[in-house]
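Dear colleague,

I am handing over a structure for you to look through. Please open it first, and then read the notes that follow it.

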Amino acid sequence: MATSGAGDHGQGQGQGHGRFASSLTARYSDWVLETLDELPGSFLLTDPALPGHPIVYASRGLAALTGYAPRDVLGRNARLFQGAATDRATVAGVREAVRAHRPHQAAILNYRRDGAPHWVLLHLAPLFHARDGTLLHFLAVQVPIAPAAVARGATCHTTGHLLAACRDEASRVAEDFPCATHAGKVFVDMDKRGLETEEPRVPSDSEKDMAISTANSIVSALNSYSKLTGLVVSRKRCDSIGIPALSSSLKLSLGRIKQSFVLTDSRLPNMPIIYASDAFTSLTGYSREEILGCNCKVLNGPGTSLEVLEEINQHICSEQACTVDLLSYRKDGSSFCDHLHVSPIRDASGKVAFHIWVHLDMGAKHDFSGLTPEKWLLGAVGAVRVAVRGLSASGSLLRPSQ
């Protein structure tokens, strides 16, 4: 059992709580708990590999926000924060995100330990092994949502103010709750605590930014320690093993194209990215090493429209092109308005060899050389088609060893 770590995560918590702490220390280092304890914000980590998907870490900020000390929540399912008036549709959305292993953001009515309801912005993010795509943990950040009247009058609120307000609510409790697992139930069930509630609150941009910033700090801390064990954490599931290696001739042709685009191979499981342009890496912040093997949903986030994603999937299945507008996300968590064109790329025999995804940040300035944005996007498609058809006719799309 790990003996490092501060406060409730250290000694004296028994073998049961030591098992939950080892979910982190065994993967990162014995010092990771101390580092997490020093981070601001209200957050927890859960381990989907353990029965019942229990909480394996709870921050001091979470104790301040909810009244639950870490020892009260370790080993329990995150549903303990929900109550009778928690919206079932919101919970269903969280549950689906967990099942799909995708990030999610939602305003939700939670309950403190004393039974008082309070609105929080829940920022949920899966954490994967960057090399093989194994799901390691779920990160859940809770940011208190200020009432609408307060939010309108508090334009000068900063992250520090929000954290200070959270800390002012601190309420340490002496009693211990028995650890329990809740097999098959993840962030879902509700009990019959207080019915008091109010009108739903809408999180402000600053509160959304605070959630993303907190999540970024946590992932950075985990990665700083994971280097000791060789484990690198990513919020996106990628696996470059087994993807085809493009020929040097094709890479040379693709490298001349100025637009931001990726190529994916729909013949492979999860339709992985097999090529990314320089403009794409500049736009998104992902290096080629990070992006190869990922599905294009690597750019999805809490605000990405599921309806638009379904529209894209339908066009891919029918081997048709489409152009859509959606909210995409960079590596650092910032979002951009993405004017996206997806089109099949056929080889010399007429079969679909790849799909091209051309991205245009509508919030940035561009030199289209006198063209419309649509023609600029299609210019990349045309250039890739010419390169693929020409090289496929001579059998030069992939490296000879492939």
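**What was found**

All five residues of strand β1 (residues 42-46) are buried, so this strand is largely enclosed by the rest of the structure. Buried here means under 20% relative accessible area, whereas exposed means over 50% and partly exposed lies in between, with a 1.4 Å probe and protein chains only. Strands (E, at least two residues) and helices (H or I, at least four) are DSSP runs, numbered from the N terminus. Please keep in mind that this is a predicted model, in which local features need pLDDT of at least 70 and side-chain atom pairs count only at pLDDT 80 or more, while totals for chains, interfaces and linings use all residues. Residues are numbered from 1 along each chain as its sequence is written, and side-chain values use heavy atoms, with hydrogens and water left out.

From β1, the residues Ser42, Leu44 and Thr46 point one way and Phe43 and Leu45 the other. Two strands count as paired if DSSP finds at least two bridges between them. By five bridges, β1 pairs in the antiparallel sense with strand β5 (residues 135-144), where Val141 stands opposite Phe43. Strand β2 (residues 55-58) is also antiparallel to β1 and is joined to it by three bridges, with Ile55 opposite Thr46.

There is also an open sheet of five strands, in the order β8-β7-β11-β10-β9, with antiparallel pairing. Its edge strands, each pairing on one side only, are β8 (273-276) and β9 (322-329). Between β9 and strand β10 (residues 335-346), which run antiparallel, there are eight bridges, and Ser335 in β10 is the bridge partner of Tyr329.

Helix α12 (residues 306-317) lies across β9, β10 and β11 (352-361), and runs at about 135° to β9; such angles run from 0 to 180 degrees between N-to-C directions, and axes are lines fitted to C-alpha atoms, for helices over the stretch in contact.

Which residue shows what happens in the loop between α11 (288-291) and α12? Thr304 has its place there, and at 8% relative accessibility it counts as buried. Leaving aside neighbours within four places in sequence, Thr304 is in contact (heavy atoms within 4.5 Å) with Leu299, Leu309, Leu326, Leu327 and Tyr329. A polar atom of the Thr304 side chain lies 2.8 Å from the backbone oxygen of Leu327.

With best wishes

Definitions and conventions:
Polar contact = N/O pair within 3.5 Å; in protein donor to acceptor, adjacent residues only side chain to side chain.
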